There are 2 protein chains.
Amino acid sequence: MSSKVLIVGAGAIGGFYGGLLAKAGAEVSVVCRSDYHIVKQQGYRIKSHALGCWQFMPDQVLRDAADYDGQADYLILCSKVTPDIDRVALIRDAVAPQTAIVLIQNGVEIEEELQQAFPDNLLISGLAFICCNRLAPGEISHLAYGKLILGNLSDSHEPKTSHLRDLFLQAGIECVISEDIVASRWQKCVWNAPFNPLSVLSGGLATQAILQNQENFVRRVMQEVCSIAEACGHALPADIVEAHIALTRDMPPYKTSMLLDFERGHTMETEAILGNAVRAAQRHGVDCPCLQSLYVLMQLRELQIRSNSLLN
Amino acid sequence: MSSKVLIVGAGAIGGFYGGLLAKAGAEVSVVCRSDYHIVKQQGYRIKSHALGCWQFMPDQVLRDAADYDGQADYLILCSKVTPDIDRVALIRDAVAPQTAIVLIQNGVEIEEELQQAFPDNLLISGLAFICCNRLAPGEISHLAYGKLILGNLSDSHEPKTSHLRDLFLQAGIECVISEDIVASRWQKCVWNAPFNPLSVLSGGLATQAILQNQENFVRRVMQEVCSIAEACGHALPADIVEAHIALTRDMPPYKTSMLLDFERGHTMETEAILGNAVRAAQRHGVDCPCLQSLYVLMQLRELQIRSNSLLN
């Protein structure tokens, strides 16, 4: 099976997973805007705590998906999911009939927009559990974790999905196929929904401090997310809240992705994580007042960031 | 009736109301710590948008209530209500048998601590609706409003309370006696409970912007406070939420007291306003998840402020 891969939104995460696929023998190209010049000249230097250091020289380095020369087997979208990014427009010009569209993105219910735009393409929904930073243009540091979960929205076992998993495994990273990727997204949301906004709204507290001081509230938000997932037909394991709490206790103090975005003055994934969960709750008549409160506050925060950036 | 008054916590609000009582002929002394030297030398210069400018030279300017020479008829406590201020210790040494203890302070259920410490003294509970700033040591600017509501926790009509009201009226400021001062506190809390924390947690949005963007949430928090007040036996007027919303729409953009404290790096009245309301709800089995969420977030904020100030 051929493996022409185009990574769109090739920052730290896209560059890292792209670099792994290149290691496994795929022909990997990237669309990267901000670091275009450096990456075009010298590719990526990737330093991984677990997989050593290597140079990743993409086959094509592009500013825009429209410039892609060829037909991708996999188009892997790694951008953030925020209202200011039009994901369909970002990839449209590089989607060929045989292209599988792979999302390595946060949030719940983020697939429909792409399914509607590309109804005839295979959609692989993916979640990355990774701590990975961009140190400088073209320089990526992989600090911890790395596991990928992939899945198809239909139940069918797609050979293209298995092949992609095999490439990642070959490159040395943990990768599994979920029979219910939607439930996997909700599971991740159980953790993200309290800790991401609480880290921002508290003014930058690490996950440990949040848990030590407001465990009951964290549990209540987690429970609300479980109720929404269940109402959506994706009941989560009964011990999921306990498992997430225990995991967080054992984690090193951790800055959430929303907190990192916030500290950089970037738009946060408020809508993909909180907004979509709250809208799913409303659709199913599930009351989620604590989650809703966090969503309200994050919307006000985003508003304040935008009004500050307009002033500057 | 004699009128020896001691103001404890004579910042902007204490200095302003003390200055009014002095204008009305009372013998007013002050305990003020931070601006002691300036106030001792030159008193207060008060500039009011409504009542002109005047010099207020206190009878005694003290660092500590224990230094008060005489027996006060009224001891007016104007400090903030925060866990780091021991209000009983602050006033104990100046409370004589005939001293009426007057609180001009924010929050709900803030009287009990003082009632227990001084069970034989008359307690007058008061609320100030005022916009009043300290411009410099000993310099007070009264910008807007100014109304005082006073009341006794028992139903009885206390002549000392009426006399104090008359002094304020004489000095030209609106002052009324509430038949149910506890309900009046809850009424003020209906406004404070959403807008104070939302202004801080949003990163500094003014009341107008909060209302324009999250009116439904503001209403839900207000409604939760109404339910708590009712469960405490102090049902509020049916139109209180509408009235507060309409009032806020007509107010000029306004920085809440919590936001001002936050911007100055001071402890905020999280416990007096939100904590006491949530504890009252718990006592009466009232669910208030949105208020609770705001309380949780403000506790985390206060924690973050304290950990920052320990680092500095």
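How are helix 1 of chain A and helix 5 of chain A oriented to each other: roughly parallel or roughly perpendicular?

## Basis of the model

This is a predicted model, in which local features need pLDDT of at least 70 and side-chain atom pairs count only at pLDDT 80 or more, while totals for chains, interfaces and linings use all residues. Residues are numbered from 1 along each chain, chains are lettered from A, and side-chain values use heavy atoms, without hydrogens and water.

## Two helices of chain A

Helix 1 and helix 5 of chain A pack at an angle of about 90°, with their axes 8 Å apart. They are therefore roughly perpendicular to each other (65 to 115 degrees). Helices here are DSSP runs (H or I, at least four residues) numbered from the N terminus, and axes are lines fitted to C-alpha atoms over the stretch in contact, with angles from 0 to 180 degrees between N-to-C directions.

In this packing, A:Tyr17, A:Leu20 and A:Leu21 of helix 1 meet A:Leu164, A:Leu167 and A:Phe168 of helix 5; contact means heavy atoms within 4.5 Å.

A:Tyr17 in helix 1 (residues 12-23) and A:Phe168 in helix 5 (residues 159-170) are 151 residues apart in chain A. Their ring centres lie 5.7 Å apart, within the 6.5 Å limit for a pair. Their planes stand at 90°, so the pair is edge-to-face (over 60 degrees).

Methods. Phe/Tyr/Trp six-rings, centres within 6.5 Å; stacked < 30°, edge-to-face > 60°. Parallel < 35°, antiparallel > 145°, perpendicular 65-115°, else oblique.
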